[in-house]
Amino acid sequence: MGASKSSFSSRSQVKSKSETHRKRKSAKEGWSNQMYFDPEADNEFGINYYIEHEGLGKLSTLVDAEERILNVYAYKVPLNNWQLTSFFMYHLFIIFNTKSWWWSIEKHTDCISIQRSKLESAVRCKHIQTYRRTPINLVKSDSGNKSVNDLICWLYNKNELNKEFDELFSNCKTFAKRVYDHVAANTYLFWFDGAFS
């Protein structure tokens, strides 16, 4: 998991993180084969990182990779503000906590994103400094059985950054299921869990 110079870049922010990400997203249409990592999601300004597959090993140097995942949560939000129900149409994302941090990990149409914060609300209620649609519903939870490094290695070994977004077969729900099933100690996430929560 060596990182070439082009596979790992950081952005020191004078503009807000959300404004910078929107500009970057509009410049690169479609799947970017990158991970967006925000190590301080509770801070509107600061450094965030765009990491390609070969740079995932470098992510371990930015975090306490041996920190154990204590709990894992699957949450869903509506895809649109006008939805009356989120039975089939919803965005599914994962939150987990370690001893020192709260994290979110999710797949969008352009990239996979990981956020980290000392505040749980910064990763549950916001994505890249923008408030999520409501309601935010808990789908399932469990204790964790992996370390942050285990998750990073899994992302690399499963080639997750190179799996283009596909509305049916490689979307937020399929990704969240794979992540949840990998880190949860006792349960699995099923398609019907999100529909009925």
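**Conventions.** The model is predicted: local features need pLDDT of at least 70 and side-chain atom pairs count only at pLDDT 80 or more, whereas totals for chains, interfaces and linings use all residues. Residues are numbered from 1 along each chain as its sequence is written, and side-chain values use heavy atoms, with hydrogens and water left out.

**Exercise 1.** State how many helices and strands the protein has, and what percentage of its residues count as buried.

*Solution.* Step 1: helices (H or I, at least four residues) and strands (E, at least two) are taken as DSSP runs, numbered from the N terminus. The protein has 6 helices and 10 strands.
Step 1: burial follows relative accessible area, with buried under 20%, exposed over 50% and partly exposed in between (1.4 Å probe, protein chains only). Of the 197 residues, 50% count as buried.
Step 2: a contact means heavy atoms within 4.5 Å. Of the contacts with a separation of 6 or more, 69% are between residues 24 or more positions apart.

**Exercise 2.** Classify the ring pair of Tyr 75 and Phe 93, and determine which residues are linked into a cluster by ring pairs.

*Solution.* Step 1: a pair of aromatic rings is described by the distance of the centres and the angle of the planes. Rings of Phe, Tyr and Trp (its six-membered ring) pair if their centres lie within 6.5 Å; planes under 30 degrees apart count as stacked, over 60 as edge-to-face and the rest as tilted. A search of the whole structure finds 8 aromatic pairs.
Step 1: Tyr 75 and Phe 93 have ring centres 5.9 Å apart and planes at 20°, so the pair is stacked. The pair links distant parts of the chain, with Tyr 75 in strand β4 (residues 71-78) and Phe 93 in strand β5 (residues 90-97), 18 residues apart.
Step 2: Tyr 75 counts as buried because its relative accessibility is 10%; Phe 93, at 0%, also counts as buried.
Step 3: ring pairs join Tyr 73, Tyr 75, Phe 93 and Trp 102 in a cluster.
Step 4: a charge sits over a ring if NZ of Lys or CZ of Arg is within 6 Å of the ring centre and within 35 degrees of the ring normal. The charged end of Arg 132 sits over the ring of Phe 93, 3.7 Å from its centre.

**Exercise 3.** Describe the lining of the second largest pocket.

*Solution.* Step 1: on a 1 Å grid over the protein atoms alone, a cavity is a set of points where a 1.4 Å probe fits but cannot get out, and a pocket is an open set with protein on both sides within 12 Å along at least five of seven lines; lining residues have an atom within 4 Å of a point. Grid points are joined across faces, edges and corners, and a volume is the space filled by probe spheres set on the points.
Step 1: the second largest pocket has a volume of about 190 Å³. Its lining has 11 residues, of which Tyr 90, Leu 92, Lys 173, Phe 190 and Trp 191 lie nearest its centre.
Step 2: β5, α5 (172-183) and α6 (191-195) each give two or more residues to this lining, and α5 provides the largest share, 3 residues.
Step 3: Ala, Val, Leu, Ile, Met, Phe, Trp, Tyr, Cys and Pro count as nonpolar, Asp, Glu, Lys and Arg as charged, and the others, Gly among them, as polar. The lining divides into 8 nonpolar, 1 polar and 2 charged residues.
Step 4: two of the central residues also form a charge-ring contact, as the charged end of Lys 173 sits over the ring of Tyr 90, 4.3 Å from its centre.

**Exercise 4.** Which residues of helix α4 are buried, and which residues line the second largest cavity?

*Solution.* Step 1: in α4 (residues 148-157), the buried residues are Val 148, Asn 149, Leu 151, Ile 152, Trp 154 and Leu 155. They pack against β2 (34-38), α2 (56-62), β5, β6 (102-107), β7 (112-117) and α5.
Step 1: the second largest cavity holds about 50 Å³ of space. Its lining consists of Phe 37, Leu 59, Val 63, Phe 96, Trp 103, Ile 114, Val 148, Leu 151, Ile 152 and Leu 155.
Step 2: α4 gives the largest share, 4 residues, and the lining comprises 10 nonpolar, no polar and no charged residues.

**Exercise 5.** Is Asn 159 buried, exposed or partly exposed, and where is Pro 135 found?

*Solution.* Step 1: Asn 159 lies in the loop between α4 and α5, and its phi is positive, near 60°. Asn 159 counts as partly exposed because its relative accessibility is 31%.
Step 1: Pro 135 is found in the loop between β9 (130-131) and β10 (137-143). A cis peptide bond joins Thr 134 to Pro 135, with omega about 5°.
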